[in-house]
Amino acid sequence: MASFLRNGKKIVAIGRNYAAHAKELGNAIPKEPFFFLKPTSSYVESGGKVEIPQGVVAHHEVELGVVIGKTGRDISQADAKSHISGYTLVVDMTARNIQDKVKKAGLPWSAAKGFDSFTPVGPFIPKSEIPSPDNLRLKLQINGVTKQDGPTSDMIFKIPQLIEHVSSIMTLEEGDVVLTGTPPGVGEVKPGDFVECSLADSEGKELSKIVFSAVQRQGGYKFQSD
């Protein structure tokens with residue numbers, strides 16, 4: 001499933017799955033998982049560039065991604081693991097000022113989440129290398145300064161429950177990626193910044209890493225405030 005970047009059809013992103021992150025943005029803690037979709041055209045591999053459109057306030061959200069290896073619908077929590085082929089480290093970039101604007105108007109978030117290059121992604125990690133995905137550590141640094149550093153054990157809804165919930169609504173297909181939420185500490189990434197992210201096990205062994213540079217996008221969308 002190392003080919004998920006080419007073959008996956010959708011990115012399913014779980015929102016507010018870490019209580020401290022929900023609180024830092026002033027959002028209520030959900031009573032059941034909720035999610036939004038990102039296009040696979042937003043992927044950019046480690047070493048690439050995140051293009052920030054003019055006028056956009058872009059925020060980082062480092063996450064554990066679950067790579068689906070077997071298509072399924074109405075997957076039970078007990079069967080969830082058999083549908084997972086592995087994991088990947090991901091950053092869900094968010095145009096926060098666009099998101100704030102559309103939320104106030106009751107409109108969808110697609111533009112805020114879907115820009116090209118707004119999903120930096122690391123290499124595929126087979127599930128055999130991560131026997132305990134609930135006991136990992138996510139970390140993100142900007143220009144050498146740590147901004148996010150939190151354990152996946154803080155997830156409100158664990159991975160089997162996320163897969164059960166999402167697949168009760170839409171079929172999860174081979175190559176799809178489920179983003180499982182972000183720990184607190186989200187903040188702005190500006191053009192010129194250098195971002196480093198890591199995924200480590202409970203003993204501190206690094207399992208994956210992403211690096212990328214942020215640049216100003218030339219042309220295309222320009223944010224217009226009210």
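Trainee: Which residues does Ser-198 touch, leaving out those up to four places away in sequence?
Mentor: Not counting residues up to four places away in sequence, Ser-198 touches Leu-89, Arg-137, Leu-138, Lys-139, Glu-206, Ser-208 and Lys-209; please keep in mind that this is a predicted model.

Trainee: And where is Ser-198 placed, and is Ser-198 buried or exposed?
Mentor: Ser-198 has its place in strand S15, which covers residues 194–200, and with a relative accessible area of 14% Ser-198 is buried, because buried means under 20%.

Trainee: What sheet has S15 in its strand order?
Mentor: S15 belongs to an open sheet of five strands, ordered S4-S16-S15-S11-S12, in which the pairing is mixed. Strand S4 (49–52) and strand S12 (145–151) stand at the edges with a single partner strand each, and therefore one side of each has no neighbour in the sheet. From one strand to the next, the twist averages 20 degrees.

Trainee: How many bridges join S11 to S12, and do the two run parallel or antiparallel?
Mentor: Strand S11, residues 137–142, is joined to S12 by six bridges, and the two run antiparallel. As one of the pairings, Leu-140 has Gln-148 in S12 as its bridge partner.

Trainee: How many bridges hold S5 to S14, and which residue in S14 does His-59 stand opposite?
Mentor: Three bridges join strand S5, residues 58–60, to S14 in an antiparallel arrangement, and His-59 stands opposite Glu-188 in S14.

Trainee: Changing topic, how many aromatic pairs are there?
Mentor: The count comes to six aromatic pairs, taking rings whose centres lie within 6.5 Å. In the pair of Phe-36 and Trp-109, the ring centres are 5.3 Å apart and the planes stand at 50 degrees, so the pair is tilted.

Trainee: Which parts does that pair tie together?
Mentor: Phe-36 lies in strand S2 (residues 34–38), whereas Trp-109 lies in the loop between helix H3 (96–104) and helix H4 (110–113), so the pair ties together parts that are 73 residues apart in sequence. Phe-36 counts as buried at 12% relative accessibility, and Trp-109 is buried with a relative accessible area of 18%.

Trainee: Which residues do ring pairs link into a cluster?
Mentor: Phe-4, Tyr-43 and Phe-124 are linked into a cluster by ring pairs.

Technical notes. Residues numbered from 1 in each chain as written. Predicted model: local features only at pLDDT ≥ 70, side-chain atom pairs only at ≥ 80, totals over all residues. Heavy atoms only, no water. Pairing = 2+ DSSP bridges. Helix = DSSP H or I, 4+ residues; strand = E, 2+ residues; numbered from the N terminus. Axes fitted to C-alpha atoms, helices over the stretch in contact; angles between N-to-C directions. Phe/Tyr/Trp six-rings, centres within 6.5 Å; stacked < 30°, edge-to-face > 60°. Buried < 20%, exposed > 50% of the residue type's maximum accessible area, 1.4 Å probe, protein only. Contact = heavy atoms within 4.5 Å.
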